[in-house]
Amino acid sequence: TKVRELLDDNGILANFRVMYLNFARALYRAKGHNSGLALRKIATAEKAKFTQYGLDPTILDKIVEIVIGTTAY
């Protein structure tokens, strides 16, 4: 819900919205199996992957903070 609010606040609509939500889901899934440094490294790798898809890295950083509570490297 918080990620959707963030996307609404930044005016993200249509196809890109789905990609941002998929990024959040990938982080949430990783959060169930990892923690600490390993989770931050996974978040960094996922951020790099989704940035290659054309997503805004600053919004991805905000999503990382929402989902795992800290920033990626």
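## Helices α1 and α4

The axes of α1 and α4 come within 10 Å and cross at roughly 155 degrees. That angle is over 145 degrees, so α1 runs roughly antiparallel to α4. The crossing of this pair is right-handed. The model is a predicted one.

Which residues in α1 and α4 meet? From α1 come Lys-2, Val-3, Leu-6 and Leu-7. From α4 come Ile-59, Lys-62, Ile-63, Ile-66 and Val-67.

## Helices α1 and α2

Two packed helices are described by the angle between their axes and the distance between the axes. For α1 and α2, the axes come within 11 Å and cross at roughly 145 degrees. The α1 and α2 crossing is right-handed. On the α1 side, Val-3, Arg-4, Leu-7 and Asp-8 make the contact. On the α2 side, the contact is made by Arg-17, Tyr-20, Leu-21, Ala-24 and Arg-25.

Arg-17 lies in α2. Is Arg-17 buried or exposed? Its relative accessibility is 18%, so Arg-17 counts as buried. Leaving aside neighbours within four places in sequence, Arg-17 is in contact with Arg-4, Leu-7, Asp-8 and Ile-12.

## Helix α2

Helix α2 covers residues 14-31, which is 18 residues. At 1.5 Å a residue, α2 should span 26 Å. Its end C-alpha atoms are 26 Å apart, so the span agrees with that expectation.

The buried residues of α2 are Arg-17, Tyr-20, Leu-21, Phe-23, Ala-24, Ala-26, Leu-27 and Ala-30. What do they pack against? Their partners are α1 (2-9), α3 and α4 (57-68). Asn-22 is also found in α2. Asn-22 is partly exposed, because its relative accessible area is 34%. The C-alpha atoms of Asn-22 and Phe-50 are separated by 9.3 Å. Along the chain, these two are 28 residues apart.

## The nonpolar core

The largest nonpolar core has 20 residues. Which of them touch the most other members? They are Tyr-20 and Ile-63. Each of α1, α2, α3 and α4 supplies at least two residues of this core.

Ile-63 touches Val-3, Leu-6, Tyr-20, Phe-23, Ala-24 and Leu-27. That list does not count residues up to four places away in sequence. Val-3 and Leu-6 belong to the α1 residues that meet α4. Tyr-20, Phe-23, Ala-24 and Leu-27 are among the buried residues of α2.

## Glu-46 in helix α3

Helix α3 takes in residues 36-52, and Glu-46 has its place there. Glu-46 counts as buried, because its relative accessibility is 18%. Buried means under 20%.

What does Glu-46 touch, not counting residues up to four places away in sequence? The residues are Phe-23, Ala-26 and Leu-27. Phe-23, Ala-26 and Leu-27 are buried residues of α2.

## Asp-61 in helix α4

Asp-61 has its place in α4. Asp-61 is partly exposed, because its relative accessible area is 26%.

Key. Residues are numbered from 1 along each chain as its sequence is written. This is a predicted model: local features need pLDDT of at least 70, side-chain atom pairs count only at pLDDT 80 or more; totals for chains, interfaces and linings use all residues. Side-chain values use heavy atoms; hydrogens and water are left out. Helices (H or I, at least four residues) and strands (E, at least two) are DSSP runs, numbered from the N terminus. Buried means under 20% relative accessible area, exposed over 50%, partly exposed in between (1.4 Å probe, protein chains only). Contact means heavy atoms within 4.5 Å. The expected span of a helix is 1.5 Å times one less than its number of residues. A nonpolar core is a set of buried Ala, Val, Leu, Ile, Met, Phe, Trp, Tyr and Cys residues joined through side-chain atoms within 4.5 Å. Axes are lines fitted to C-alpha atoms, for helices over the stretch in contact, and angles run from 0 to 180 degrees between N-to-C directions. Angles under 35 degrees count as roughly parallel, over 145 as roughly antiparallel, 65 to 115 as roughly perpendicular and the rest as oblique. A crossing is left-handed if the near helix is turned anticlockwise from the far one by less than a right angle, and right-handed if clockwise.
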